[in-house]
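Subject: Handing over the two-chain model

Dear colleague,

Please find below the structure that I am passing on to you. My notes on what was found in it follow directly after.

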Amino acid sequence: MYPSERSLVQRMQGKPFALLGINSDPKDRLQKVIEKEGITWRSWWDGGSTFGPVASKWNVHGWPTIYVLDQNGVIRFKNIREKALDDAVDKLLAEKGK
Amino acid sequence: MMRSKLLRTSLILAASFVFWACGCGKPSGDGPQARDFQGIKLEYDQAVQKYSKAYSAAKSDAERSKLAKEFPNSGKYSQRILELVQKNPREPGAVEMLTWVINHDSFNSAGREAMKLIEQYHVDSDKLGSICAFLGMVGSEEDVKLLRSILEKNPNRDVQGQACLSLGRALKNKSPADAERYLERTVEKYGDVKSGQSNLGDNAKGELFEVRNLGIGKPAPEIEGQDVDGKPLRLSEYRGKVVVLDFWGDW
């Protein structure tokens with residue numbers, strides 16, 4: 001999980017892209033993971049469990065769950081990973097601004 | 001979350017919760033088949049415990065990857081349980097046995113055989129809540145077919161409600177319009193049926209929010225909160241960028 005995310009963030013440097021997490025760990029664990037895994041992208045801290053306010057509103061039951069939004073904030077892909085995720089991000093970046 | 005067993009771990013955790021919440025863990029019946037079933041389950045649980053101990057004791061990622069390949073295969077246990085059931089498929093205790101097989105092997109022929117036996121002999125059982133909950137999570141064609149049969153034929157209101165909610169879940173990506181109808185029906189007809197810590201109505205409303213607002217092509221709702229350092233973070237600040245939202249945890 002972390003290596004592919006790190007590599008995506010690396011590849012996207014300088015591009016209009018952001019990886020944002022919604023995290024379900026207790027705060028101290030989250031802090032440790034951020035340090036240990038070199039997590040440079042931001043995450044909302046969702047209260048320390050999988051039943052936090054954001055995860056509940058978004059009806060998240062499976063972990064991880066991924067949503068990909070275009071530059072207009074529209075949901076374009078759901079629950080894709082690895083190469084499919086990379087390809088989707090590239091595709092959206094290539095779309096001209098509307 | 002261990003990458004290589006992500007889906008299985010989530011499903012087993014979810015299934016265990018549902019199983020527990022439905023109180024289906026108590027053995028029903030005392031006969032030789034029930035005892036054999038308890039024996040098989042115990043063997044499997046011990047194999048999983050042994051594996052977990054070894055995994056925790058592993059000192060490197062390489063060692064862990066190697067061990068992960070040896071996670072006990074539930075398939076052979078499911079086969080033995082199916083053989084027990086087939087000796088007397090009408091026996092009420094069979095539902096609990098078939099539930100175990102579905103929870104552990106719904107993806108393969110053992111699970112499909114168990115589902116066939118449920119449809120054939122136990123579609124009217126009042127103990128199908130747990131199976132219904134589980135089938136809603138993956139929602140394959142076979143899962144949907146069995147859920148529809150149960151909704152149609154089962155006389156128990158709690159079971160009907162669970163089947164209705166699960167149909168909503170199973171269809172939400174493939175047929176959102178159908179999913180919405182099942183979810184609305186769950187709220188209307190079965191809203192007060194208890195489910196874990198809440199009820200089917202609340203669960204269905206959560207699903208309805210997702211179906212109506214979080215589908216492909218919908219504008220993502222705002223997310224407002226704080227990051228781990230307590231600094232404010234808002235999704236709308238990132239308009240103009242391609243955003244990947246990742247609901248995650250290190251657990």
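Strand β3(A) pairs with strand β4 of chain A (residues 75-78) in the antiparallel sense over 3 bridges, where helices (H or I, at least four residues) and strands (E, at least two) are DSSP runs numbered from the N terminus, and two strands pair if DSSP finds at least two bridges between them. The two strands form a hairpin with 5 residues between them, and A:G73 in the turn has a positive phi of about 80°. Within this pairing, A:Y67 stands opposite A:K78 in β4(A).

Before going further, please note that this is a predicted model, in which local features need pLDDT of at least 70 and side-chain atom pairs count only at pLDDT 80 or more, while totals for chains, interfaces and linings use all residues. Residues are numbered from 1 along each chain as its sequence is written, chains are lettered from A and ligands numbered from 1 in the order in which they are written, and side-chain values use heavy atoms, with hydrogens and water left out.

Strand β3 of chain A (residues 65-69) also pairs with β5(B), in the antiparallel sense and over 5 bridges. There A:Y67 stands opposite B:L245, so that, as a matter of definition, these positions belong to strands joined by at least two DSSP bridges.

The contact between the chains (heavy atoms within 4.5 Å) takes 54 residues from chain A and 46 residues from chain B. The area buried between them, meaning the accessible area (1.4 Å probe) that two parts lose on being put together, summed over both, is about 4,800 Å², and carbon and sulfur atoms give 59% of it. On the side of chain B, the residues that lose the most area to chain A are B:V242, B:F247 and B:W248, together 21% of what that side buries.

Between the chains the count is 3 salt bridges, each a side-chain nitrogen of Lys or Arg within 4 Å of a carboxyl oxygen of Asp or Glu. One of them joins the side chains of B:E210 and A:K78 (3.2 Å, N to O). As for the elements involved, those of chain B that give two or more residues to the side touching chain A are α1 (6-21), α11 (200-213), β3 (224-226), β4 (232-234) and β5 (242-248), and the largest share, 7 residues, comes from β5(B).

A:I39 lies in the loop between α2 (27-37) and β2 (43-45) of chain A, and it is buried, with a relative accessible area of 8%, buried being under 20% relative accessible area, exposed over 50% and partly exposed in between (1.4 Å probe, protein chains only). Not counting residues up to four places away in sequence, A:I39 touches A:Y2, A:V33, A:I34 and B:W248. A:I39 and A:R6 are 33 residues apart in sequence and 7.2 Å apart in space, C-alpha to C-alpha. A:E37, in helix α2 of chain A, is buried as well, with a relative accessible area of 18%, and, leaving aside its neighbours within four places in sequence, A:E37 is in contact with A:Y2 and A:R6.

Finally, chain B has 11 helices and 5 strands, and 47% of its 251 residues count as buried.

With best wishes
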